[in-house]
Amino acid sequence: MVRDNRIHNVPAEQAQDNAHEASQAPSRPLLRIGITHGDTNGVGYELILRSFADTLMFDMCTPIIYGAAKVATYHAKALGIKPNFYFINAAEEAMADRLNLINCFDHEVPVEWGKKTPEAGHAALEALERAVEDLRDGKIDALVTAPICKESMHEAGFKFAGHTEFLAERLGSANQHPLMILQSDVMRVALVTVHCPVSQVAAQLTSEGIEERIREFYASLRRDYLLSTPRIAVLSLNPHCGDGGMLGDEEKNVIAPAVHAAVESGIPCNGPFSPDGFFGAGLFSQFDGILAMYHDQGLIPFKTLSMDSGVNFTAGLSYVRTSPDHGVAFDIAGKGEADLSSFRSAIYAAVDIVRNRQSDDEARQNPLPKLYHERREDSERSRHTLPQPAKSEE
(Lines give C-alpha, C1' and ligand atoms only; values in the text may rest on other atoms or scores of the structure.)
Protein backbone atom coordinates (compact mmCIF):
# COMPACT_ATOMS: atom_id res chain seq x y z
CA MET A 1 0.00 0.00 0.00
CA VAL A 2 1.02 3.63 -0.39
CA ARG A 3 1.95 4.64 3.13
CA ASP A 4 5.44 6.06 3.06
CA ASN A 5 4.99 9.59 1.73
CA ARG A 6 5.98 11.89 4.52
CA ILE A 7 4.11 15.14 4.33
CA HIS A 8 1.44 15.05 1.67
CA ASN A 9 -2.13 16.05 2.33
CA VAL A 10 -1.49 17.32 5.87
CA PRO A 11 -1.93 20.82 7.32
CA ALA A 12 0.73 23.25 6.11
CA GLU A 13 2.10 23.86 9.62
CA GLN A 14 2.51 20.15 10.31
CA ALA A 15 4.02 19.58 6.87
CA GLN A 16 6.60 22.28 7.49
CA ASP A 17 7.46 20.85 10.92
CA ASN A 18 7.94 17.40 9.41
CA ALA A 19 10.03 18.83 6.59
CA HIS A 20 12.21 20.75 9.05
CA GLU A 21 12.90 17.68 11.18
CA ALA A 22 13.58 15.45 8.19
CA SER A 23 16.00 17.89 6.58
CA GLN A 24 18.28 18.33 9.58
CA ALA A 25 20.73 15.53 8.86
CA PRO A 26 23.98 17.13 10.14
CA SER A 27 26.27 15.28 7.73
CA ARG A 28 24.34 16.33 4.63
CA PRO A 29 24.18 19.86 3.25
CA LEU A 30 20.91 21.24 1.97
CA LEU A 31 20.11 20.13 -1.54
CA ARG A 32 20.13 22.67 -4.35
CA ILE A 33 16.70 22.52 -5.96
CA GLY A 34 16.33 24.25 -9.30
CA ILE A 35 12.88 25.72 -9.99
CA THR A 36 11.77 26.90 -13.44
CA HIS A 37 9.34 29.81 -13.48
CA GLY A 38 7.00 28.20 -16.03
CA ASP A 39 4.60 30.32 -18.06
CA THR A 40 5.02 33.93 -16.97
CA ASN A 41 1.30 34.62 -17.47
CA GLY A 42 0.27 31.76 -15.17
CA VAL A 43 0.60 30.95 -11.48
CA GLY A 44 4.24 29.81 -11.56
CA TYR A 45 5.74 32.82 -9.83
CA GLU A 46 2.87 32.98 -7.37
CA LEU A 47 3.53 29.38 -6.33
CA ILE A 48 7.24 30.08 -5.87
CA LEU A 49 6.94 33.44 -4.11
CA ARG A 50 4.15 32.53 -1.73
CA SER A 51 5.71 29.15 -0.87
CA PHE A 52 9.07 30.67 0.04
CA ALA A 53 7.45 33.58 1.86
CA ASP A 54 7.32 30.94 4.59
CA THR A 55 10.93 30.93 5.79
CA LEU A 56 10.65 27.34 7.02
CA MET A 57 10.84 26.28 3.37
CA PHE A 58 14.51 27.28 3.41
CA ASP A 59 15.11 24.50 5.93
CA MET A 60 14.11 22.04 3.21
CA CYS A 61 16.48 23.12 0.45
CA THR A 62 18.42 25.91 -1.21
CA PRO A 63 16.09 27.11 -3.98
CA ILE A 64 17.44 28.38 -7.30
CA ILE A 65 14.86 29.99 -9.58
CA TYR A 66 15.50 29.87 -13.30
CA GLY A 67 13.61 32.89 -14.59
CA ALA A 68 13.85 36.63 -15.16
CA ALA A 69 14.58 39.29 -12.55
CA LYS A 70 12.21 41.88 -14.00
CA VAL A 71 9.33 39.43 -14.34
CA ALA A 72 9.87 38.00 -10.85
CA THR A 73 9.96 41.48 -9.33
CA TYR A 74 6.79 42.47 -11.20
CA HIS A 75 4.93 39.42 -9.87
CA ALA A 76 6.19 40.00 -6.33
CA LYS A 77 5.00 43.62 -6.32
CA ALA A 78 1.59 42.67 -7.75
CA LEU A 79 1.16 39.99 -5.07
CA GLY A 80 2.34 42.29 -2.29
CA ILE A 81 5.27 40.03 -1.40
CA LYS A 82 8.77 41.22 -0.51
CA PRO A 83 10.94 38.19 -1.32
CA ASN A 84 14.51 37.79 -0.16
CA PHE A 85 15.88 37.67 -3.72
CA TYR A 86 19.56 36.99 -4.31
CA PHE A 87 20.39 37.48 -7.97
CA ILE A 88 23.17 35.18 -9.20
CA ASN A 89 24.85 34.33 -12.49
CA ALA A 90 25.42 30.62 -11.84
CA ALA A 91 24.04 27.91 -9.57
CA GLU A 92 27.40 27.64 -7.79
CA GLU A 93 26.82 31.10 -6.33
CA ALA A 94 23.58 30.16 -4.58
CA MET A 95 23.27 30.93 -0.88
CA ALA A 96 21.20 29.19 1.78
CA ASP A 97 18.21 31.04 3.26
CA ARG A 98 17.87 33.13 0.10
CA LEU A 99 15.55 32.97 -2.87
CA ASN A 100 18.33 32.65 -5.44
CA LEU A 101 17.42 33.68 -8.97
CA ILE A 102 19.36 33.14 -12.20
CA ASN A 103 18.42 35.67 -14.86
CA CYS A 104 18.01 33.47 -17.94
CA PHE A 105 17.38 36.37 -20.35
CA ASP A 106 17.38 40.16 -20.38
CA HIS A 107 14.77 40.98 -23.02
CA GLU A 108 11.42 42.41 -21.99
CA VAL A 109 8.57 39.96 -21.43
CA PRO A 110 5.18 41.62 -20.89
CA VAL A 111 3.13 39.99 -18.14
CA GLU A 112 -0.45 39.46 -19.31
CA TRP A 113 -2.09 37.25 -16.74
CA GLY A 114 -4.30 34.55 -18.14
CA LYS A 115 -3.24 35.01 -21.77
CA LYS A 116 -1.47 32.63 -24.13
CA THR A 117 1.42 34.49 -25.73
CA PRO A 118 4.53 33.32 -27.61
CA GLU A 119 6.61 35.70 -25.46
CA ALA A 120 5.55 33.86 -22.30
CA GLY A 121 6.19 30.52 -24.00
CA HIS A 122 9.66 31.61 -25.07
CA ALA A 123 10.45 32.81 -21.55
CA ALA A 124 9.40 29.44 -20.16
CA LEU A 125 11.52 27.61 -22.74
CA GLU A 126 14.65 29.66 -22.05
CA ALA A 127 14.38 28.98 -18.31
CA LEU A 128 13.78 25.27 -18.89
CA GLU A 129 16.76 24.94 -21.23
CA ARG A 130 19.12 26.61 -18.73
CA ALA A 131 17.82 24.58 -15.78
CA VAL A 132 18.10 21.23 -17.57
CA GLU A 133 21.64 22.09 -18.64
CA ASP A 134 22.59 22.73 -15.00
CA LEU A 135 20.80 19.55 -13.90
CA ARG A 136 22.74 17.51 -16.45
CA ASP A 137 26.01 19.12 -15.33
CA GLY A 138 25.36 18.37 -11.66
CA LYS A 139 25.10 22.02 -10.62
CA ILE A 140 21.70 21.39 -9.03
CA ASP A 141 20.53 18.24 -7.25
CA ALA A 142 16.98 18.14 -8.61
CA LEU A 143 14.57 20.13 -10.73
CA VAL A 144 11.03 21.28 -9.95
CA THR A 145 9.17 22.69 -12.94
CA ALA A 146 6.35 25.20 -12.61
CA PRO A 147 3.42 24.72 -15.04
CA ILE A 148 3.82 25.60 -18.71
CA CYS A 149 1.31 26.39 -21.45
CA LYS A 150 2.15 23.95 -24.22
CA GLU A 151 0.38 26.00 -26.88
CA SER A 152 2.50 29.05 -26.05
CA MET A 153 5.62 26.90 -25.89
CA HIS A 154 4.91 25.43 -29.32
CA GLU A 155 4.52 28.92 -30.76
CA ALA A 156 7.99 29.64 -29.35
CA GLY A 157 9.50 26.60 -31.10
CA PHE A 158 9.04 23.89 -28.45
CA LYS A 159 8.72 20.62 -30.40
CA PHE A 160 7.66 18.30 -27.59
CA ALA A 161 4.31 17.15 -26.20
CA GLY A 162 5.39 18.06 -22.66
CA HIS A 163 8.17 18.12 -20.07
CA THR A 164 8.46 14.32 -20.05
CA GLU A 165 9.23 14.06 -23.75
CA PHE A 166 11.63 17.01 -23.55
CA LEU A 167 13.54 15.40 -20.67
CA ALA A 168 13.67 12.12 -22.58
CA GLU A 169 15.45 13.87 -25.44
CA ARG A 170 17.78 15.94 -23.23
CA LEU A 171 18.54 13.54 -20.38
CA GLY A 172 17.61 10.04 -21.56
CA SER A 173 19.91 7.42 -23.04
CA ALA A 174 19.73 4.07 -24.79
CA ASN A 175 19.22 2.40 -21.41
CA GLN A 176 17.15 5.08 -19.70
CA HIS A 177 13.61 6.04 -20.64
CA PRO A 178 11.47 8.42 -18.60
CA LEU A 179 8.43 7.03 -16.84
CA MET A 180 5.68 9.41 -15.70
CA ILE A 181 4.58 8.68 -12.14
CA LEU A 182 1.85 10.62 -10.37
CA GLN A 183 2.23 10.26 -6.61
CA SER A 184 0.31 11.23 -3.49
CA ASP A 185 -0.41 9.73 -0.11
CA VAL A 186 -3.35 7.90 -1.73
CA MET A 187 -1.73 6.16 -4.70
CA ARG A 188 1.07 6.11 -7.24
CA VAL A 189 0.08 5.84 -10.90
CA ALA A 190 2.48 5.26 -13.81
CA LEU A 191 1.61 5.41 -17.51
CA VAL A 192 2.48 3.12 -20.40
CA THR A 193 1.62 5.80 -22.99
CA VAL A 194 1.81 9.45 -21.97
CA HIS A 195 0.70 12.30 -24.24
CA CYS A 196 -0.84 10.10 -26.89
CA PRO A 197 -4.21 10.54 -28.66
CA VAL A 198 -6.70 7.95 -27.45
CA SER A 199 -7.22 6.80 -31.03
CA GLN A 200 -3.56 5.71 -31.15
CA VAL A 201 -3.20 4.05 -27.75
CA ALA A 202 -4.03 0.47 -28.76
CA ALA A 203 -1.59 0.57 -31.67
CA GLN A 204 1.23 1.66 -29.35
CA LEU A 205 0.74 -1.15 -26.83
CA THR A 206 3.02 -4.19 -27.07
CA SER A 207 3.74 -6.92 -24.56
CA GLU A 208 7.43 -6.03 -24.62
CA GLY A 209 6.69 -2.35 -24.03
CA ILE A 210 4.32 -3.00 -21.13
CA GLU A 211 6.74 -5.45 -19.54
CA GLU A 212 9.50 -2.84 -19.79
CA ARG A 213 7.24 -0.27 -18.10
CA ILE A 214 6.51 -2.73 -15.30
CA ARG A 215 10.25 -3.26 -14.79
CA GLU A 216 10.94 0.49 -14.79
CA PHE A 217 8.10 1.10 -12.34
CA TYR A 218 9.30 -1.67 -10.05
CA ALA A 219 12.87 -0.34 -10.10
CA SER A 220 11.64 3.17 -9.25
CA LEU A 221 9.44 2.00 -6.40
CA ARG A 222 12.42 0.22 -4.89
CA ARG A 223 15.07 2.91 -5.40
CA ASP A 224 13.11 6.17 -5.35
CA TYR A 225 10.65 5.16 -2.63
CA LEU A 226 12.74 2.53 -0.80
CA LEU A 227 10.04 -0.14 -0.94
CA SER A 228 11.66 -3.56 -0.63
CA THR A 229 9.09 -5.62 -2.56
CA PRO A 230 6.47 -3.27 -4.02
CA ARG A 231 3.24 -4.69 -5.44
CA ILE A 232 2.08 -3.43 -8.83
CA ALA A 233 -1.41 -3.56 -10.33
CA VAL A 234 -1.78 -3.41 -14.13
CA LEU A 235 -4.98 -2.04 -15.65
CA SER A 236 -6.75 -3.33 -18.72
CA LEU A 237 -7.36 -1.32 -21.88
CA ASN A 238 -10.91 -2.27 -22.82
CA PRO A 239 -14.12 -2.19 -20.74
CA HIS A 240 -14.60 -5.29 -18.58
CA CYS A 241 -11.13 -6.51 -19.54
CA GLY A 242 -12.41 -7.10 -23.06
CA ASP A 243 -15.30 -9.37 -21.97
CA GLY A 244 -13.55 -12.49 -23.19
CA GLY A 245 -12.64 -10.90 -26.51
CA MET A 246 -16.04 -9.43 -27.34
CA LEU A 247 -14.79 -5.90 -26.55
CA GLY A 248 -11.19 -6.33 -27.64
CA ASP A 249 -8.38 -8.84 -27.30
CA GLU A 250 -5.53 -6.63 -26.02
CA GLU A 251 -5.95 -8.00 -22.50
CA LYS A 252 -5.42 -11.60 -23.60
CA ASN A 253 -2.84 -11.07 -26.33
CA VAL A 254 -0.83 -8.07 -25.10
CA ILE A 255 -1.30 -7.13 -21.44
CA ALA A 256 -1.63 -10.54 -19.74
CA PRO A 257 1.55 -11.91 -21.36
CA ALA A 258 3.46 -8.87 -20.10
CA VAL A 259 2.16 -9.40 -16.56
CA HIS A 260 3.03 -13.09 -16.73
CA ALA A 261 6.57 -12.34 -17.93
CA ALA A 262 7.06 -9.82 -15.12
CA VAL A 263 5.90 -12.32 -12.50
CA GLU A 264 8.17 -14.98 -13.94
CA SER A 265 11.10 -12.59 -13.49
CA GLY A 266 10.29 -12.04 -9.81
CA ILE A 267 8.16 -8.87 -9.84
CA PRO A 268 5.04 -8.89 -7.60
CA CYS A 269 2.58 -7.91 -10.30
CA ASN A 270 -1.13 -8.57 -10.82
CA GLY A 271 -3.65 -7.88 -13.55
CA PRO A 272 -5.03 -6.86 -15.86
CA PHE A 273 -7.77 -5.27 -13.76
CA SER A 274 -10.83 -3.56 -15.21
CA PRO A 275 -10.26 0.10 -14.16
CA ASP A 276 -13.83 0.93 -13.13
CA GLY A 277 -14.11 -1.96 -10.71
CA PHE A 278 -10.52 -1.56 -9.56
CA PHE A 279 -10.97 2.04 -8.44
CA GLY A 280 -14.62 1.69 -7.49
CA ALA A 281 -13.91 -1.16 -5.08
CA GLY A 282 -10.90 0.64 -3.59
CA LEU A 283 -8.42 -2.03 -4.73
CA PHE A 284 -5.86 0.71 -5.36
CA SER A 285 -5.21 0.81 -1.60
CA GLN A 286 -3.82 -2.73 -1.75
CA PHE A 287 -0.99 -1.88 -4.17
CA ASP A 288 2.13 0.26 -4.05
CA GLY A 289 1.84 1.23 -7.70
CA ILE A 290 -0.73 1.18 -10.49
CA LEU A 291 0.22 0.96 -14.16
CA ALA A 292 -2.36 2.54 -16.48
CA MET A 293 -2.40 2.07 -20.24
CA TYR A 294 -3.03 5.71 -21.12
CA HIS A 295 -3.12 9.22 -19.67
CA ASP A 296 -6.73 9.79 -18.62
CA GLN A 297 -7.27 6.21 -17.49
CA GLY A 298 -4.83 6.77 -14.64
CA LEU A 299 -4.97 10.51 -14.09
CA ILE A 300 -8.73 10.98 -13.78
CA PRO A 301 -9.03 8.81 -10.65
CA PHE A 302 -5.69 10.11 -9.36
CA LYS A 303 -6.64 13.77 -9.63
CA THR A 304 -10.14 13.11 -8.33
CA LEU A 305 -8.59 11.87 -5.09
CA SER A 306 -5.31 13.84 -4.98
CA MET A 307 -5.64 17.04 -7.00
CA ASP A 308 -4.46 19.31 -4.17
CA SER A 309 -1.41 17.30 -3.12
CA GLY A 310 -0.44 15.29 -6.20
CA VAL A 311 3.04 15.38 -7.70
CA ASN A 312 4.26 14.49 -11.19
CA PHE A 313 7.62 12.67 -10.98
CA THR A 314 9.72 11.79 -14.03
CA ALA A 315 11.22 8.42 -13.07
CA GLY A 316 13.60 6.22 -15.02
CA LEU A 317 16.38 8.81 -15.38
CA SER A 318 19.58 9.49 -13.48
CA TYR A 319 18.16 12.92 -12.68
CA VAL A 320 15.25 13.90 -10.44
CA ARG A 321 12.48 16.12 -11.75
CA THR A 322 9.10 16.78 -10.15
CA SER A 323 6.27 19.22 -10.73
CA PRO A 324 2.83 20.04 -9.36
CA ASP A 325 0.11 17.94 -10.97
CA HIS A 326 -1.89 20.93 -12.24
CA GLY A 327 -1.57 23.42 -15.06
CA VAL A 328 -1.00 27.16 -15.43
CA ALA A 329 -4.41 28.08 -13.95
CA PHE A 330 -4.90 31.08 -16.24
CA ASP A 331 -8.33 31.70 -14.72
CA ILE A 332 -6.85 32.71 -11.35
CA ALA A 333 -3.40 33.94 -12.40
CA GLY A 334 -2.35 37.13 -10.63
CA LYS A 335 -5.12 36.92 -8.04
CA GLY A 336 -3.17 35.32 -5.19
CA GLU A 337 -5.66 32.44 -5.01
CA ALA A 338 -3.51 29.50 -6.15
CA ASP A 339 -3.38 26.43 -3.89
CA LEU A 340 0.25 25.88 -2.89
CA SER A 341 -0.13 22.27 -1.72
CA SER A 342 0.87 20.48 -4.92
CA PHE A 343 3.84 22.77 -5.58
CA ARG A 344 5.15 22.38 -2.04
CA SER A 345 4.65 18.63 -2.28
CA ALA A 346 6.70 18.66 -5.50
CA ILE A 347 9.60 20.26 -3.61
CA TYR A 348 9.25 17.79 -0.73
CA ALA A 349 9.15 14.89 -3.19
CA ALA A 350 12.26 16.08 -5.04
CA VAL A 351 14.19 16.23 -1.77
CA ASP A 352 12.83 12.86 -0.63
CA ILE A 353 13.71 11.08 -3.87
CA VAL A 354 17.26 12.46 -4.01
CA ARG A 355 17.80 11.43 -0.38
CA ASN A 356 16.28 8.01 -1.01
CA ARG A 357 18.61 7.43 -3.94
CA GLN A 358 21.58 8.46 -1.80
CA SER A 359 20.48 6.05 0.93
CA ASP A 360 19.99 3.27 -1.60
CA ASP A 361 23.46 3.86 -3.05
CA GLU A 362 25.02 3.84 0.42
CA ALA A 363 23.24 0.62 1.35
CA ARG A 364 24.57 -1.10 -1.77
CA GLN A 365 28.19 -0.02 -1.37
CA ASN A 366 29.06 -2.65 1.24
CA PRO A 367 26.36 -5.32 1.19
CA LEU A 368 26.39 -8.02 3.85
CA PRO A 369 27.75 -11.33 2.57
CA LYS A 370 25.18 -14.00 1.92
CA LEU A 371 25.56 -16.60 4.65
CA TYR A 372 23.55 -19.35 3.02
CA HIS A 373 22.13 -20.27 -0.32
CA GLU A 374 18.81 -21.78 -1.13
CA ARG A 375 17.72 -22.60 -4.65
CA ARG A 376 14.38 -20.86 -4.35
CA GLU A 377 16.13 -17.60 -3.48
CA ASP A 378 17.46 -17.34 -7.00
CA SER A 379 14.26 -15.39 -7.63
CA GLU A 380 11.79 -13.49 -5.48
CA ARG A 381 8.90 -15.46 -6.90
CA SER A 382 8.60 -17.61 -3.77
CA ARG A 383 7.57 -14.51 -1.85
CA HIS A 384 4.55 -13.57 -3.90
CA THR A 385 3.34 -16.43 -6.09
CA LEU A 386 1.18 -19.35 -5.14
CA PRO A 387 2.90 -22.74 -4.78
CA GLN A 388 2.72 -24.77 -7.97
CA PRO A 389 1.75 -28.45 -7.85
CA ALA A 390 4.68 -30.79 -8.32
CA LYS A 391 4.90 -32.48 -11.69
CA SER A 392 4.39 -36.23 -11.60
CA GLU A 393 7.37 -38.29 -12.68
CA GLU A 394 6.99 -40.16 -15.92
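Isoleucine 33 touches Cys61, Thr62, Pro63, Ile64, Ala142, Val144, Ala350 and Val351, leaving aside residues up to four places away in sequence. Contact here means heavy atoms within 4.5 Å. The structure is a predicted model, in which local features need pLDDT of at least 70 and side-chain atom pairs count only at pLDDT 80 or more, while totals for chains, interfaces and linings use all residues. Residues are numbered from 1 along each chain as its sequence is written, and side-chain values use heavy atoms, with hydrogens and water left out.

Ile33 belongs to the largest nonpolar core, which has 96 residues. A nonpolar core is a set of buried Ala, Val, Leu, Ile, Met, Phe, Trp, Tyr and Cys residues joined through side-chain atoms within 4.5 Å. Buried means under 20% relative accessible area, exposed over 50%, and partly exposed in between (1.4 Å probe, protein chains only). Ile33, Phe52, Tyr66, Ile210, Ile214 and Val234 touch the most other members of this core. Helix α12 (residues 341–365) gives the most to the core, with nine residues. Helices (H or I, at least four residues) and strands (E, at least two) are DSSP runs, numbered from the N terminus. Another core lies apart from the largest one. That other core has 16 residues, including Met187, Leu191, Phe287 and Leu299.

The largest pocket holds about 380 Å³ of space. On a 1 Å grid over the protein atoms alone, a pocket is an open set of points where a 1.4 Å probe fits, with protein on both sides within 12 Å along at least five of seven lines; lining residues have an atom within 4 Å of a point. Grid points are joined across faces, edges and corners, and a volume is the space filled by probe spheres set on the points. The lining has 21 residues, and Lys150, His195, Asn312, Pro324 and His326 lie nearest the pocket centre. Two or more lining residues come from each of α6 (163–171), β6 (179–183), α11 (295–306) and β12 (321–324). By class, the lining divides into seven nonpolar, 10 polar and four charged residues. Ala, Val, Leu, Ile, Met, Phe, Trp, Tyr, Cys and Pro count as nonpolar, Asp, Glu, Lys and Arg as charged, and the others, Gly among them, as polar.

Backbone geometry was also examined. Most residues other than glycine have a negative phi, and most peptide bonds are trans. The peptide bond from Gly271 to Pro272 is cis, with omega near 5°. Pro272 is found in strand β9 (residues 269–273). Cys241 has a positive phi of about 55°. Cys241 lies in the loop between β8 (232–235) and α9 (250–264). Cys241 counts as partly exposed because its relative accessibility is 24%. Asp243, with a positive phi of about 50°, is found in the loop between β8 and α9. Asp243 has 34% relative accessibility, so it counts as partly exposed.
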